Structure formats: C-alpha cells, structure tokens
Amino acid sequence: MHEPGYQRASHEEVLRIVLIYAVFAGLWIVLSDWALERLIADMAFLHVVQTLKGWLFVGITSLLLYYLLNGIQRSTPTEASLHHNGLVDWPRWQLYLFALAMPFVSLLIRENIAVSFEERPLLLLFMFPIILSAALGGIGPGTVSTLISAMLVAWFTMPPTGSLHIERFYDLFQLGFLVGDGLLISFLSRMMHDARHRAVIEKHRAESLLSEKSRTLQLLNSIARNSTDAIFAMDVEGRFILFNPGTERITGKKASEMLGRDERAVFPPEVAARLIANNRMVMQENKTVTFEDELVPTDGGRTLLTTKGPLHDAEGKVVGVFGIARDISAIKSVEAALRRERDRNQRYLDSARTFMLALDGEGRVSMINRYGCELLGYRESEMIGQNWFRHYLPQPEGMEVTCALFQQMLSGKLEGAEYHENEVLCRDGSRRLIAWHNANFRNEVGNIMGTLSSGEDITERRINEDQLRKLSLAVEQSPESIIITNLDGGIEYVNEAFLRNSGYSREEVIGQNPRFLHSGKTPKGTYDTLWQNMADGKVWQGEFHNKRKDGSEYTEHAIVSPIHQPDGRITHYVAVKEDITARKQAEAEIHRLAFYDTLTGLPNRVLLLERMEQTLSLSRRGNHHSALLTLNIDHFKTINDAAGQALGDTLLKSMGARLSPLLRKGDVLARMSGDEFAILLPDFAVQQHSAAHQGMHVAEKILTSMRKPFELGGNMHTVSVSIGIALFPESDEDKPLDILRRSNTALHFAKSKGRGQVAFFEGELDEIARQRFDVERDLRHGITNGELRLFLQPQVDAKAKIVGAEALLRWQHPQRGLLPPMAFIPIAEESDLIVDIGEWVFAEVCRLLVANDVKRPMRIAVNISPRHFRQHDFVDWIKRGLAESGADPTQITLEITEGMVINNINDVIAKMHELAAIGIHFSMDDFGTGYSSLSYLKRLPINELKIDKTFVQDLASDTGDAGLVETILAVAKLMHLKVVAEGVETREQADFLNDRANVIHQGYLFGRPEPADKFFDHLSGHP
C-alpha cells in the first residue's frame, strides 16, 4: 500500500536511473584506476589508496542512489512542469550529471583509439558530448559539457600531457574553436527548446479552452432546454436563432416554426414593432436592459418580465441579441389584488383616530396611517422606509431602550412588550407620549416579519394625571386643614393637617358634621352668611372659633367653596382652614405697639406688608389677582418747603381722609413714609387683564378726586399725584417686599412721564389696560354721540329666499374707523355698557321694522347679553320698547346663549314665557358649544336652534363636526324646532345641510352683513 499522494515511478524512469548509475560507476572505475596508476608509482601505497577509493566509491554511489530514488516524481504536466530546456523530461540535476559524465566517456574512447591528436576527426570526437548534452538539456548542460571537454583536451591531449599549459597557437585555436562551437550549439539548442516549449504550452492551452467551451456549451444547452423561462436569441436582422421550450410554451409556437423568423410571426403588429424597437436599442446601446411588456400572443394576453442583452462575436462586435423572459401575469394579478386589499385596509386605518404603525424586521416604517402622520407632522412618503427608532424617537432612549424592546419582540418574547409607553419626536421638535399595544405579524409559514402597533396619544392625560397627583399631594401635605363635605354637611374627607390640628382620628371625623368642632364663640351671623353664600354658589371666607379634642380653643381662618360639576350642579363643599391662633395673638401684640401711622391714623408699612402676606395666601388659594397701588404727591417737597411742615402734615391727613371713601371694604390704605401712600386691593379678578382694567378704574377715581382743591390754612390748594400699580401674584415665590418694589418701580416710571400719570409695572400690561380703559371711555361717549351702526345679514331658506336677518353691530369710531364687534363687545360685557348697547340695538331694530313696513313673513334676530337679560325690569323694558315704536313682536327673534340658562333657570324660563306670550320668538345661539342640556330645551320656549359656524365650516373635512351637525338636526326635528346654520360659505356646505333637513342658511355664500338701510333696499327687490 502507498501513502496518499504517492505515485510509482515508470519503467523508463527506473531504466534511466540504472543507466546513469552504470555510466557513473564505469567511469569511476576506469578513470580512477588510470589516474592513480599515473600519479602513484609505489605499488604498496597504490593498494592502500585503491582500498580507500573503493570505500569512497561506495559512499558516493550510495548518496547518488539516494538522491536519484528520492527525486522520482509523477505529476500531470502543467505549464510550470513543461518549462524546461531539454528534449527529455529529466530533472535538472540528472541532465547536468549527464553533461559532466559524457566528456569523460569521450576521453575514454580517445585513450583507447590509437590515433594521433593532430588528426582532426579525433578532435571532433569531443563535440559529441557537447552536442548531445546541449540537445538533451539545453544551454546549461551544453555549457558545462563544453567547459569540461575543453579542460580534458587541454590536459590530456596537448603537450606537455598532464598540463594546462598551451605552447602552440594552433592548439589555442583548436581549443577556442571547440569552446566557441560548444557555446554556439548550446545557445541554438536553447532557442530550439524554447520554441518547442511554447508550442507545447499553446497546444495545452488550446486543448483546455476547447474542453472548457465544450462543457460551457453543454451546460448552456441544458439550461436552455430545461428552463421554465423563455430563453431566445436573434441575429442582427431580428431572426430567431435560439428558441427554447420555455419560449415555445409562452408563445404557443414551435422552434421549428420560428427559427429564421422574427417576432412579427408571434405577436400583433403594434406589439411586434415595440419589441423589435427594443431589440435595436439593446444592440445600438450595447447594454443589457429589463423590460416589462404586456404581450398578446396567439393564446391570449400575458405580462412578461424580459431581460435582453447584446450578443458578441470573437472580436466583440454585436451580432445579435439574447433574451430571458418570465411570465409574471399571475404575479401581477396577485399584486393588483394585494394592492386593492392594501388600499382598502389603508382607508380603514386612515379613518381610525389611533396611531397605527407597522415596522419591518429592520425597524423601518412599512405602514403608518393618516392620524400618525398628522400627529408627527410628516407625510407618509417621507416616513416609509425610514428607521423608526433612529429618526422619530428621542435619543438615546430610542436606540438604546425602545429598539431593544423591539428586538425582544422579533425574537418572539412578547412578555412585557405587548404594552409599553414611550415618547415620539414630532417634526416641530415637540414630544408626544404614546401608549402602544403591540403584536408581531408573521408570513404564511409563521416566521416573524415585523411588528404592528396601535398607539394612543396620552400626553394630555398624563399631564392631567400628574397635575392631579400633584394636587392630591399638595392637599394631603398642605399645612392648612382641608375638609370636604357633602351637601348635607357630612364630612367625606379631611387631610392630615386637620387631624393634627383638631386632635381627632380619621375614623372619629368621617361622617360627622363640622359643627362638632364649635366652641360656641363663633357669631351666629357668621354661619348664616356662610350658608347663604353656599346657597348662592359663592365662595365664603371668614373665621371660626373652634375647640380641639383636648378642649383647647383655637381660631381658624376658613375659605369655603362650593364644588361645581361640569353641568353646573353643586355636589360638595370644600373648606380650607388655617389655624390663626398664634397670628391673632401676634396681631394683638402688634396693634398694641406702633402699628398705625401717628399722623394720619392710617396703617403703616408693617401692617401693609402683613396684609399683603395674607392677600398673597388668599389669592393663591382662590386663584385671584390682587393689586398694590403706590402714590405720592407731585412736588410735595416744594409745598412743604414753601408753606411749612405743619401745612404739609395737614395736606397728608387730608389726603388720607379723601382717599379712604374711594376704597372697598377690605381694601387697605397705608401711609408708607413722607408723602408716599399705598393701597392694597385684594381679590380683584380671576383674569389678569380684568384685574388690570379694574386697577386702572381705581387709579382714575383717585386722580379725579385729587382734582378737587384742598383747604389748607384758609387757602385752597390743588395737587396732583402719580400712581404706580403692581398686580400679584406673579409667581409662587412672590413676597410682599417684591410686590412693593415692583409698585415703586411703576411709580417712578409714572413720575418720569409727568404730573398726574399712572403706570403699571409691566409695560405691555400697562398698554393693554390703558387701551381697554380708552375703549370703554370712547365707547361710553360713542353710544351717546350716535357712533353705533346697525348691520343686517340675510337668512335664506333652501331656495335662497330671504326669510329673516340677524342684527349685527358696528362702531364708527372717529379716529379708528369702522370697528367690528370683537373690538369692543368683550369690554362692554365687563361693564354696564352692554346693557346700553342692547337697548340701542333693540330700539333701532324696532324703528327699522316700522319705517320699512316689512310685509313679508320674516324676523330679525337680536342678540341679548346675559347681563342684560338678568336685569329685573328686562321684560318690562322689551314691552315698553315695542309699545313706543309700534313694532310687531312677531317679527323679532331674541337670540340667547346656553350659558344664560345655567344660573337661576326658573327666572329665565319665566321671563321667556312672558315674552313668548306676546309673539316674540327665541333662538338658542351657538348651540352645541356649551352644555346643550336637552332638559333645558324641553323646559324653555325655544323656537329655533342656531348651529355655530365652527361646526359648519368643517362639515366636508371633519367627520366629527358632520356627525354633530346631523345630531343637532335630529334633535331639532324631534323637538319640532327650526334650525339656522351660521357661517355657510360654500355650496358644498349648503348642499350637505339641505340634503338632511329644512335648514335656514346664514353666511357669505348668500350675503354679507350690510348697513340696515341697504339691506331693506335690496329686500324690496328680492323675490
């Protein structure tokens, strides 16, 4: 057995090795004996040397035999193995050994032939080993043989024998001839061997290439024959030269029919022309192109996905075109069905008001619905294919946390991942908190391909929960005692502060009435006032003298408020009580000391700061704004210096006496120092702008009172004051000194503007308050000066016939021009001016109805302010206006708002029924924007509902508004009420309403508001 890779030597190789060994051994024996006999004359010494020579022969021949046997190799000839310089495939060392041995063989022959050296044929005998060595081994062995032959000739044949010394030129010439011929023969042999080697290599390459091409052609033929795709080829003229079975199946033609013919034999002319043009383009542009063609061969229409490319000859010239086509008709049908299904599903998803999101296995967005795009602020095309975690989630949480959860879901581990919450990053940089419900979606074999999630925007809910939690913590940890009772006074909740302060446990308190705390020292009037305020739904604050469980007495300052539900019902009462026992004691001590100004008798700075501290606390609890006014006398130093300090003191006392009557109960007037006074106005208003407006009113009252001269020392003196106003609280960190500082800053700013000026601490608020004050002042003058203008906007039925109008107000301001209602009505609503405006509008409508003698059945709608409606003489005033003008009450509709009937509904119902009895109609304005209680509608004598324009404007685009309008129409139909729709501006809106009910339209589509006189002129010409 042979080892792997081992190959046995051939018979020729063994024979070659034996011959080389025989030649070497023979030469060794002959030449070594001949050399020793010549060199050694002593026979005894000669025998010893010959013995050593024998052992040396054994060693050398053993080593030579080892290398001969070890060098035997068998391998397939390659380009590298064929690269040698001889005619025989011997190893190089064998060729060189042969070249070394052959000159000695020639020398042996020479020595055994009795011919003189001078005879030339014998000299040529040494050319034989050179020629044979060069022929077999090339230039290397030939050169070696040449050099050895030259040395032997010089040594043995040229006298003196046994010497390399050359005495004759003739001998040198012969030796040179021998060397030259040897080298020339060796070089020519090298050229011959190289030419032979190149021929062998080229032959080998050609045979390999032919074999490879043959295998390739067989493979291509097998592919074309067995492929289900159509594989074909055409020459430059478009004639088929290859038509495989797949092409036969698709076209319905046999290869025998089509070879040599073009595509016009298969397809209709227009289809064939397109295909031929495609073939020409491929050949002209010399590139491979893929086409998707709708083809109509003989057996019906197909959709083919065809790849065509150019065919080249050996020189690279385009000689035709090949094609591979696949029938994708079934795939296209499935794609179309899937596309329709996807579009239908997408419509369903887009109608959902939840965030629908699908991600593929790489976390890229593969589907997102319309709501999700709107929430994030992106278009769907911008998001599809984008990495969800990298682009649309805040970092690093998006990639480090949420993406890790996604990878867990892809692995099939949904535990803890079906629901989670995370923030998303909107296009505008804002963040929204989304609660996700997650699921994996799988392919038909059950492999997870991605995730599908539905999300709910819980940003506002979480904010509300946080606020509620903070409120709950604030209530529970508040230092003030907090009690919540039901309407019967039963305690349902108390905080820890109450338990600590009263000494009772929670179990002892819950269910009790707060009267168990009474000490008997609280005046009865306090409780009467408390319950009267509760009955009226108002906030009450006051003091209780109560008793703890241990019998000790304490004083509490309490704020008791009714808790209103969204529908206006009062369900509970909440009391916030502060233990002021220590403060009461401190107050008594402070009052005992110098707590008031000795000159004016007014509170001083210390008392003012304390009252400001109380006001701050109450304002924060009640969410009200208060104000601090600081003022001083302009140029008081001049008066003091000129008239003396006594007169100045008299002026200061007179100032205090004049200012005190201007204030409300609970307001604080204090003398700060010198001629500087301060006025604390607590609990002005909930809205800051209203508080600023009222603060300006107080300042104007002060300025007006200061215009009256003061009688000082028998003389009349007129002075002016500058006033600075600071509203508070501005923040939870507000302190009395901070407020006082802001008020003084405003005072300095007012003084910088001149004498008798008023300034707010905030310039912008100052400007707003000034503007509102100016508007109110100008409006008061405008009403009396006849600057109000009445406009009418038509109301039409489905046939565009005018059936009524709404009275709208404009103000012709002398400087600012014609102003819309929004510029002055909100300010008028905060004062009694709205009553004056309402009276003017109603009187003007009555006058116009009588003056124009409207005969057609139509009504003019007049808006009534809740403040005006609640006037005790409102009904009498309406009747009086109708009687004085002679107007027909059946031509008037009074528009009221839903908020009007929330408070004191019985009074409202009584007034409405009294007016309805004389023929006046009532319309519920802006229906749907308030509480819209059906129980109110049932009790009220309402004739029509007026749909707010905000619902009408979005009918076509907002399904919610459309549904709400349809609900209102259904309610009106059920209750037999007319419906007026405001803000109808497009035909689409009008058609929507007309298709669903008999609706009266009001809006720019049918007419803009115009002066009343012009309206009646148009009315006379309108059918």
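This is a predicted model: local features need pLDDT of at least 70, side-chain atom pairs count only at pLDDT 80 or more; totals for chains, interfaces and linings use all residues.
The sense of the crossing, as H30 passes H31, is right-handed. On the side of H30 the contact is made by Phe874, Val875, Ile878 and Lys879, while H31 contributes Lys911, Glu914 and Leu915. Sorted by class, the residues of this contact comprise 4 nonpolar and 3 charged ones, with no polar residue among them.

Two packed helices are described by the angle between their axes and the distance between the axes. With that description in mind, one can turn to another partner of H30, namely helix H28, which spans residues 833-852 and whose axis comes within 10 Å of that of H30, the two crossing at roughly 30°. That angle makes H28 roughly parallel to H30, because the limit for this term is 35 degrees. The crossing of H28 and H30 is right-handed. From H28 the contact draws on Gly838, Glu839, Phe842, Cys846 and Val850, and from H30 it draws on Trp877, Ile878, Gly881, Leu882 and Ser885. These residues divide into 6 nonpolar, 3 polar and 1 charged. Ile878 of H30 is listed in the contact with H31, and Ile878 is also listed in the contact with H28.

The setting of these helices is a protein chain of 1023 residues, of which 43% count as buried, and which has 36 helices and 32 strands. Among the contacts between residues at least 6 apart in sequence, 57% join residues at least 24 apart. As for confidence, the chain averages a pLDDT of 80, and 77% of the residues score at least 70. There are stretches to be read with this in mind: over residues 1-10 the pLDDT stays under 50, and the model has 8 contacts beyond four places in sequence for them. Over residues 72-85 the pLDDT likewise stays under 50, and here the model has 30 contacts beyond four places in sequence.

Individual residues show how elements of the chain meet. Leu703 is found in helix H24, which runs over residues 688-706. Leu703 counts as buried because its relative accessibility is 11%, and the cut-off for that class is 20%. Beyond its neighbours up to four places away in sequence, Leu703 touches Val721, Ile723, Gly756 and Val758. Leu703 and Ser720, which are 17 residues apart in sequence, lie 7.2 Å apart in space when the distance is taken from C-alpha to C-alpha.

His625 has its place in strand S16, residues 625-633, and, with a relative accessible area of 15%, His625 is likewise buried. Setting aside the neighbours within four places in sequence, His625 is in contact with a run of residues from Asp683 through Phe684, Ala685, Val686 and Gln687 to Gln688, and also with Ala691, Phe728 and Pro729. The last two of these partners, Phe728 and Pro729, are themselves joined by a cis peptide bond, with omega about 0°. Pro729 is placed in the loop between strand S21 (721-728) and helix H25 (736-752). A further cis peptide bond leads from Gln395 to Pro396, with omega near 5°, and Pro396 is in the loop between helix H14 (388-391) and helix H15 (397-410).

The backbone also has positive phi values in residues other than glycine. For Ala800, phi is near 65°, and Ala800 has its place in the loop between strand S23 (788-796) and strand S24 (802-813). With a relative accessibility of 34%, Ala800 counts as partly exposed, because that class lies between the limits of 20% and 50%. For His976, phi is near 60°, again a positive value in a residue other than glycine. His976 is found in the loop between helix H34 (959-974) and strand S30 (978-982), and His976 is exposed, with a relative accessible area of 73%.

Definitions and conventions. Residues are numbered from 1 along each chain as its sequence is written. Side-chain values use heavy atoms; hydrogens and water are left out. A crossing is left-handed if the near helix is turned anticlockwise from the far one by less than a right angle, and right-handed if clockwise. Helices (H or I, at least four residues) and strands (E, at least two) are DSSP runs, numbered from the N terminus. Contact means heavy atoms within 4.5 Å. Ala, Val, Leu, Ile, Met, Phe, Trp, Tyr, Cys and Pro count as nonpolar, Asp, Glu, Lys and Arg as charged, and the others, Gly among them, as polar. pLDDT is the predictor's confidence in each residue, from 0 to 100. Buried means under 20% relative accessible area, exposed over 50%, partly exposed in between (1.4 Å probe, protein chains only). Axes are lines fitted to C-alpha atoms, for helices over the stretch in contact, and angles run from 0 to 180 degrees between N-to-C directions. Angles under 35 degrees count as roughly parallel, over 145 as roughly antiparallel, 65 to 115 as roughly perpendicular and the rest as oblique.
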